[in-house]
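Q: I have a model open on my screen and would like to learn how to read it. Could we walk through a few features together?

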Amino acid sequence: MENKKNRPKPGDQTEVKDSSRREFLKKSALITAVALTPASAVVAAEKHVDERIAEAFEKMPLHLEINGVAHSLMVEPRSTLLDILREQLDMTGTKKGCDLGQCGACTVHVDGHRVNSCLTLGIMVNGKKVTTIEGLAKGDQLHPMQEAFLKHDGFQCGYCTPGQIMSAVACIREGHANSELEIREFMSGNICRCGAYPNIVNAIQEVKEGGMAI
Amino acid sequence: MKQFQYTRAVNQQGVLDAIAKPGTKIIAGGTNLVDLMKRGVTAPDKLVDINYLPLKGITATKTGLHIGTLALNSVVSENSLVVAKLPLLSMALKAGASPQLRNMATVGGNMMQRTRCTYFYDTTMPCNKREPGTGCGAVEGYNRMHAIFGASPQCIAVHPSDMCVALAALDAQVIIAGKKGEKRMPFVDFHRLPDDHPELDNHLGKDELILGVEIPDNNFAKNSYYLKVRDRQSYAFALVSVAAGLDLDGSTIRSARLAMGGVAHKPWRLFEAEKFLAGKTASEDTFKQAAQLAMQGAKAYEYNAFKLKLAPAAITEALKHAAGLA
């Protein structure tokens, strides 16, 4: 996993190393050529602009919406959505647990579907809508699932909680919260080492039975 | 993770052109590939993203069901046609991974996933699959998860998929695009045994793309069952799994389909046991005999001898569930 120390510094990127004024202008034109919507990402791919960008730059343009806010970024293709959220955007609500898709702490919604952000390359969610734990509450008003986790003590250390809550919301929306057994099965992608499982199940059942639109 | 170049392909030719260049890998869901890249098990120079191709569809054909290579595991598992016609496939998919991973993982990616042998993942250990010629860490190592059928001295890893076990049992065909056009391959022939080349998991050419799978219509929908035995109740790879489908006329078995996961380098179809079951009356005794037949040729290693007992018990149990006798 890349960390801050290993990140290329501005001075050591090939982008800068081999750039003359002409190169720079050529690359600027390339960047301009890549529009920011998914449709134009397809057009760019058709015209092989993608390929030229990949060859010329270490970073690529990424446009996405996070919790209703549009972001335009430059990212390395190897940056995961999790690292982009935490390191580039300082949205540290989404947690890094195993970083290998085994614990679910990094769960976010992409276009409404829960995924492991640690195994999602950021560049691959271009044009999509991401919801993180920071996007659930409405101002000071907590999301019903957040309220239920508080009420039922659905956590101890709290590290897995953002992922649990994102998964729990999806679990109900998918229609997989009809019994304790079903909830346990469809929450199995979220590990809690404190073992708060019974309380997590109770919280989900309460929100489900409350029948609120979530 | 090593830096790589990322491009998007928007049509089949674009993918074929991209993978013709050495060091290029296809990415779809990425749930296994990104994991392998993070651990340095694989380090492609280029990734071509195929998610913009129109290969997500699930459609009924005259003879069966076509499932596009990019159909998500979660979508396939809940698709009404799949649930009605191929409940075995739905059950197998739901037994695999977690809801989050199933929302990312595709059909083609599931087929292409690598073994979860810990020696394959640990780059400090020898592994003929990761680095041919370095030896096998598992053969005399901690081989609890490993093969009991079809292994070679070079590799005793198992294929980790659940979906593939069901597709092998259901006589699926794989549809593949290459330079010379499209071709079909029986699903049971897609994955291969390790022999002297454990670095090769399957028979897909380096310049080929999986377009989808087609499963012929069958009479197993009413009596099928996927049994997965694992170390915890959910979200774990199989120690042993069994896909069982029965076509019953009353209690007479017209025909049977059986395949196992977690026991070989490929989904392990039990042809001999199927033949034995055809024409017999469904009963626990018959199922036990079929299971014994299926175990012929099984060979255990130091830590996986339990599979020699677990596997036949799982076959019997899966058949009982399929027949409604459990």
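Q: Let's start with a strand pair: which residue stands opposite A:His71 in β2(A)?
A: Happy to, and keep in mind that this is a predicted model. Reading across a strand pair means finding the residue that faces yours on the neighbouring strand. Here, A:Leu64 stands opposite A:His71. The two strands behind this, β1 (residues 60-66) of chain A and β2(A), run antiparallel and are joined over 7 bridges.

Q: What is the order of the strands in the open sheet of chain A?
A: In chain A the walk goes β2-β1-β5-β3-β4, 5 strands with mixed pairing. β2 (69-75) and β4 (113-116) of chain A have a single partner strand each, so they stand at the edges with one side lacking a neighbour in the sheet. Ignoring direction, neighbouring strands in this sheet are turned against each other by 40° on average.

Q: Now a helix: which residues of α6 (residues 144-151) of chain A are buried?
A: Count neighbours: a residue is called buried if 20 or more other C-beta atoms lie within 10 Å of its own. In α6(A), the buried ones are A:Met145, A:Gln146, A:Ala148 and A:Phe149. Looking down the axis of α6(A), you find them within an arc of 160°, so these buried residues line one face of the helix. Their cover includes α7 (161-173) and α9 (197-210) of chain A. On the face turned away from the buried side, A:Leu150 and A:Lys151 are exposed. Just after α6(A), look for A:Asp153, whose phi is positive at about 55°.

Q: How many residues of domain 1 of chain A are in contact with domain 2 of chain A?
A: The domain assignment places domain 1 of chain A at 10-135 and domain 2 at 144-210. Between them, 13 residues of domain 1 contact 11 residues of domain 2. On the domain 1 side, strand β3 (residues 107-110) of chain A gives the largest share, 3 residues. By class, that side has 5 nonpolar, 6 polar and 2 charged residues.

Q: And between chains, which element gives the most to the side of chain B that touches chain A?
A: The approach carries over. Chain B puts 25 residues in contact with 33 residues of chain A. At least two residues each come from β1 (5-8), α2 (33-38) and α6 (99-102) of chain B, and β1(B) gives the most, with 4 residues. The chain B side divides into 11 nonpolar, 10 polar and 4 charged residues.

Definitions and conventions
Residues numbered from 1 in each chain as written. Chains lettered and ligands numbered in written order. Predicted model: local features only at pLDDT ≥ 70, side-chain atom pairs only at ≥ 80, totals over all residues. Domains from an automatic or database assignment. Contact = placed C-beta atoms within 7 Å. Nonpolar A, V, L, I, M, F, W, Y, C, P; charged D, E, K, R; others polar. Buried ≥ 20, exposed ≤ 12 C-beta atoms within 10 Å, placed from the backbone. Arc of directions from axis to C-beta. Pairing = 2+ DSSP bridges. Axes fitted to C-alpha atoms, helices over the stretch in contact; angles between N-to-C directions.
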